[in-house]
Amino acid sequence: RKPVEVVKEAAESAATKLTGAGTPVVPGSPGSGTPALEEPTEPREPLPPRPEQGTPETRTPTGAVTGCPASAFGQQGAFLTTANGARLRDSDHSLKAGPRGPILLQDHHFREKITHFDHERIPERVVHARGTGAHGVFTAYGTGAAICRAGFLKKGRETPVFVRFSTVLGSRGSADTVRDTRGFATKFYTDEGTFDLVGNNIPVFFIQDAIKFPDIIHAGKPHPDREIPQAQSAHDTFWDFVSLHTEAQHHTIWNMSDRGIPRSYRTMEGFGVHTFRLVNDAGETVLVKFHWKPKLGVHSLTWEEAQLISGVDPDFHRRDLYDAIEAGAFPEWELGLQVFPDNPEETFAGIDLLDPTKIVPEELAEVQPVGRLVLNRTPTNFFAETEQVAFHLGNLPPGIDVTNDPLLQGRLFSYVDTQLTRLAGPNFTQIPINAPHAPVNDMLRDGFHQHAVHAGVAPYRPNSLDGGNPFEAGDAENAFVDVPVRVAEAPKIRANPASFDDHFSQARLFWQSMSAVEKEHIVAAYTFELGKCYEQVIKERQLRCLAQIDPVLCEQVAVGLGLPVPAPASELADVTASPALSQLGAEWPADGRIVGIVAGPGADLVAVTAVREAALGAGLMPLVIGPHGGQLGDLAVQRTFDTARSVEFDALLLADAPGPAPGAVAARDAKAGTTAPTAIDPRVLRLIDEAWRHAKPIGAWDGGTTAVRQAGIADTPGVVSAGGGADAFTAVRELLAGHRVWHRFLTSIA
Ligand code: HDD
């Protein structure tokens, strides 16, 4: 017979088996011969709702107001419904022409489910795509009220906030710990309108004019032909741009410093970068720069840690923020202002306040605290909140105004414009995370995704049909103040002020303000990044830029690259170091720091429990590291020798010197051709070795002192062998105040 007939016959017999007398046989049903699954997938009568489960709430917002209550969008009630609210009997099988037949076009539930899924993604942000957010509260000290009329700065006023932290260059799924600038964007939901402070963890920017923004971002993003490297500035196009547009050199040296690899979002400073203008109740104005100062101090990873973490835990910063909030170690910052007189030149101490590549050293204008930010709640839904949040520099309450900084001016356009594509239309302020907490009474109408049901017939003014509403507000009704700054009579021109031509003096100021160990890191970072470039001409051009910053920096990087040292600069700026720029040399609270406690079978578990409790009591986050998961006696194990890597911890405590797992010894001995016993588990040795190399405090007692001896690090700086767990913990906590044990490598860090 022809093969086709065989196939047809088999198909007919299968159909008979499946359908019997034309009735589909449902697997698991009586007589089907297949066992019923524990989780039924077949239609059945729904269970009666539990008392606390109401019927599904309508998704239509109640009331003709802007914004929808977030609660209206949750998965609620016992029964699955369509988007239209009809209860569904089956969401696991499509409607088919027989069990083996094609899907019917009429399956409206299938089409709705798949269509919605197909459109679940929105375009990621063109920059700052990778990020994470948290809710919190800002409490004003009242110290800013004399210079700013904004109500949220009045003494004791509490304002809800949402903060989104981000990297700049990487895609949405890229690693957290890459070398990059970090975004620090804060939405203050004030009752006079939303205030967005859209800053970075670096106080200056690459470019002076917003018209160059596409250029620097094209240069920093992966190469357009093969789309590599991801989330990196270590490539030719980035260094090509910054060596040609030398205004970028100041921002770039910050990126090459430890600021480019923060330990945590909790240990980052934030900067509004631009100069803003504040106006008080009397109409007086001042110029200011915004600063966020972290309670825990400014701390960074080491470059090796950052690289290891990218593989071990690419979500390191995201996880750190969530874990800290959930552990109750709420991240905190103080908002501070540098205040300058609003003079017509818009300069302070000779520094052009409109140039976003310049700082004003804190020694010249002190940062004065005006309030405290505490992040105390993680988002309920990442997409709804963190992904859909839309910041905009034009979101300003009465009392805060912009300046003519050409970067700031351009940003005022870009942030709304980008949301039109990203959030698909002009009504994104109605999305719950973007909805103002101040009453909204605008005359914006219609458009994609309009959620409000506006009443009235006259969305224009003046009108005589809607009672004349709305009216314009004046000073008495707290209207927004556009400060009537005089605009100089000048020709229309594409040019910068002459002061914008100084591209190197503040990069030199930064370099000169660093401690020895920070300088070492900067040299290593330039050497790494330029070493990844292919084009010699680009490396040489960047070396010539470094010669303009500092001859030692330039020479050390040139040696690392194996290239000739360029001729020294004919003149170097005479700068006074700003100690406030260095991250080292002070002491900070250790709250929320993560301490790993190694405990093997030989550990005194009573002592380990006591140390763990002491650490919790001191606001630290202890994690017990054991040979296996589950329990060690009564003690829960959070990490095992397999899952723990030293990069997770700020400090290590060792209560034991666990021997190797038998299998591991056998494998190693077979490889090495020796039967000599290894005294200590190699995974624990690696933990100790890395923690030591990354200058972390290490404390040991009991068997732990044997472990540090075997690792060859006993009696080195920052390694404490104590008589008991309490002493080891106390010593480590004290060392943590300085973040790391830099003296392990250098006798002097100054
Ligand atoms: Fe920007 C996002 C910070 C210059 C255009 N920017 C964005 C975010 C931060 C910053 C933190 C992420 C916001 C979020 O979490 O949603 N940007 C800065 C800082 C700058 C800066 C501190 C200089 C001082 N940016 C800048 C310029 C332009 C843009 C000059 C364009 C002319 N930025 C954007 C953008 C983004 C953005 C394309 C992408 C997603 C978004 O706005 O909402 O519009």
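Student: Where is F213 found?
Tutor: In this predicted model, F213 is found in helix α3, which covers residues 213–220.

Student: And what does F213 touch?
Tutor: Leaving aside residues up to four places away in sequence, F213 touches I207 and G410.

Student: Which residues does the UniProt "binding site" annotation cover?
Tutor: In the unreviewed UniProt entry, that annotation covers R125, R164, F213, R411, Y415 and R422.

Student: OK, take R125 then. Where is its place, and is R125 buried or exposed?
Tutor: R125 has its place in the loop between α2 (108–118) and β1 (131–140), and R125 is buried, because 20 other C-beta atoms lie within 10 Å.

Student: Switching to the ligand, how many residues surround it, and which are the closest?
Tutor: The ligand is surrounded by 26 residues, and the closest are R125, H128, R164, G183 and S414. The elements giving two or more residues to this shell are β2 (158–167), β3 (182–190), β4 (193–200) and α9 (406–422).

Student: Which one gives the most?
Tutor: That is α9, which gives 6 residues to the shell around the ligand.

Student: What is the shell like by class?
Tutor: The shell around the ligand has 14 nonpolar, 9 polar and 3 charged residues.

Student: Last topic: which residues does UniProt list for the "Catalase core" domain?
Tutor: The unreviewed UniProt entry lists residues 81–469 for that domain; over residues 81–469 the chain is 21% helix and 20% strand, with the end C-alpha atoms 41 Å apart.

Methods
Residues are numbered from 1 along each chain as its sequence is written. This is a predicted model: local features need pLDDT of at least 70, side-chain atom pairs count only at pLDDT 80 or more; totals for chains, interfaces and linings use all residues. A residue is near a molecule or strand if its C-beta atom, placed from the backbone, lies within 6 Å of it. Helices (H or I, at least four residues) and strands (E, at least two) are DSSP runs, numbered from the N terminus. Ala, Val, Leu, Ile, Met, Phe, Trp, Tyr, Cys and Pro count as nonpolar, Asp, Glu, Lys and Arg as charged, and the others, Gly among them, as polar. UniProt positions are given in the numbering used here, feature names are shortened, and annotations may be inferred rather than shown by experiment. A residue is buried if 20 or more other C-beta atoms lie within 10 Å of its own, exposed if 12 or fewer, and partly exposed in between; C-beta atoms are placed from the backbone. Two residues are in contact if their C-beta atoms, placed from the backbone, lie within 7 Å.
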